[in-house]
Amino acid sequence: MLKVKDTLRATVNVTFDGRVVKVYHGPKARERFENETRVLKFLEERKCDFVPRLLSADPKKLQIVTTSCGTRVEQIDEKRAKELFAELEKFGVRHDDADPRNITYRFSDGRFCLIDFEFATILPEK
């Protein structure tokens, strides 16, 4: 496994077969784990194709395993980033951490994707 993030809030590793393993720790770890799990399931039901797919969630370990959405982008035009986060809202979710560090690029289809939904909000139905 390759460690790609190790902060006060989470540790993220990528397995050699491309899965992403995220373990939550620090303040409100359980709440953030439950929120990201709920949001990813919601987005999958809505067939949002530019976010990771939740493969498993272990509430005892506070760990999720997802598909990979490519590599983090080094830089992105501010207008394009805003469009991407706005596109997510069409699927009923506001990211609430709209920062370029949460944008990846999937080379397989040339698609910008979004990751890291622990602070996201499912919007009320219109």
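Is Glu118 buried or exposed? Glu118 counts as buried, because its relative accessibility is 3% (buried is under 20% relative accessible area, exposed is over 50%, and partly exposed lies in between, using a 1.4 Å probe and protein chains only).

Before going further, a word on what you're looking at. This is a predicted model, where local features need pLDDT of at least 70, side-chain atom pairs count only at pLDDT 80 or more, and totals for chains, interfaces and linings use all residues. Residues are numbered from 1 along each chain as its sequence is written, and side-chain values use heavy atoms, leaving out hydrogens and water.

A salt bridge here is a side-chain nitrogen of Lys or Arg within 4 Å of a carboxyl oxygen of Asp or Glu, and a search of the whole structure turns up 17 of them. Here are some, with the N to O separation:

| Salt bridge | N to O separation |
|---|---|
| Arg9 and Glu118 | 3.8 Å |
| Lys22 and Glu118 | 2.7 Å |
| Arg101 and Asp99 | 3.1 Å |

(Helices, H or I with at least four residues, and strands, E with at least two, are DSSP runs numbered from the N terminus.) Both Glu118 and Lys22 are buried. Arg9, on the other hand, is partly exposed, with a relative accessible area of 28%. Glu118 and Arg9 also belong to a network of salt bridges that takes in Lys5, Lys22, Arg32, Glu36 and Asp116.

As for the Arg101 and Asp99 pair, Arg101 is partly exposed at 39% relative accessibility, and Asp99 is partly exposed at 27%.

Three strands make an open sheet in the order 6-8-9, with antiparallel pairing. Its edge strands, strand 6 (71–72) and strand 9 (111–114), each pair on one side only. Two strands count as paired if DSSP finds at least two bridges between them; strand 6 and strand 8 (residues 103–106) are joined by 2 bridges. Arg72 has Thr104 in strand 8 as its bridge partner.

Helix 2 (residues 78–89) lies across strand 8 and strand 9, at about 60° to strand 9. (Axes are lines fitted to C-alpha atoms, for helices over the stretch in contact, with angles from 0 to 180 degrees between N-to-C directions; contact means heavy atoms within 4.5 Å.) Helix 2 includes Ala86, which is partly exposed at 42% relative accessible area.
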